[in-house]
Amino acid sequence: MNTNRKISLVALCVVAIVLFNTPFLSIFNKPTFIGSIPVFYGFLFGAWLLIIGATAWLLRQSKAEDE
């Protein structure tokens with residue numbers, strides 16, 4: 001794995017830590033709903049899905065470059 005991918009994964013980890021930290025989560029902790037789903041849960045699972053997708057995309061690209 002090259003250093004650019006390592007830097008990208010570390011940056012993604014930092015973004016995940018910021019997204020799932022209490023001060024940032026408190027922005028979305030409101031009693032409002034979007035399509036019968038609370039905004040907090042929508043953000044939580046949406047951000048989780050985004051982090052997993054970005055990690056898979058980065059790792060798949062690094063595997064393709066290694067081959």
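Start by selecting I52. At 44% relative accessibility, I52 counts as partly exposed, because that class lies between buried (under 20% relative accessible area) and exposed (over 50%), computed with a 1.4 Å probe on protein chains only. I52 sits in helix α3.

Before moving on, a word on the model. It is predicted, so local features need pLDDT of at least 70 and side-chain atom pairs count only at pLDDT 80 or more, while totals for chains, interfaces and linings use all residues. Residues are numbered from 1 along each chain as its sequence is written, and side-chain values use heavy atoms, leaving out hydrogens and water.

**Stop 1: the whole chain**

Colour by secondary structure. From the N terminus on, their order is α-α-β-β-α. Helices here are DSSP runs of H or I with at least four residues, strands are runs of E with at least two, and both are numbered from the N terminus. The chain has 67 residues, and 16% of them count as buried. Its accessible surface is about 5,200 Å², with 71% belonging to carbon and sulfur atoms. Such areas come from the Shrake-Rupley method with a 1.4 Å probe, and for residues only the protein chains shown count as cover.

**Stop 2: two annotated spans**

Residues 7-28 are 77% helix and 0% strand, with end C-alpha atoms 29 Å apart. Residues 40-59 are 100% helix and 0% strand, and their end C-alpha atoms also lie 29 Å apart.

**Stop 3: the surface patch**

Which helix gives the most to the patch? Helix α3 (residues 39-66) does, with four residues.

**Stop 4: the core**

Select L12, A16, L19, L25, F43, A47, I51 and L58. These eight residues make up the largest nonpolar core. Helices α1 (3-19) and α3 each supply at least two of its residues. Helix α3 gives the most, with four. A nonpolar core is a set of buried Ala, Val, Leu, Ile, Met, Phe, Trp, Tyr and Cys residues joined through side-chain atoms within 4.5 Å.

Zoom in on L12, in helix α1. Is L12 buried or exposed? L12 is buried, with a relative accessible area of 14%. Leaving aside neighbours within four places in sequence, L12 is in contact (heavy atoms within 4.5 Å) with I51, A54, T55 and L58. L12 and I51 are 39 residues apart along the chain, yet their C-alpha atoms are separated by 7.4 Å.

**Stop 5: two loops**

Select S36, in the loop between β1 (33-34) and β2 (37-38). Its phi is near 65°, a positive value in a residue other than glycine. S36 counts as exposed, at 66% relative accessibility.

Finish at I27, in the loop between α2 (22-25) and β1. I27 is partly exposed, at 45%.
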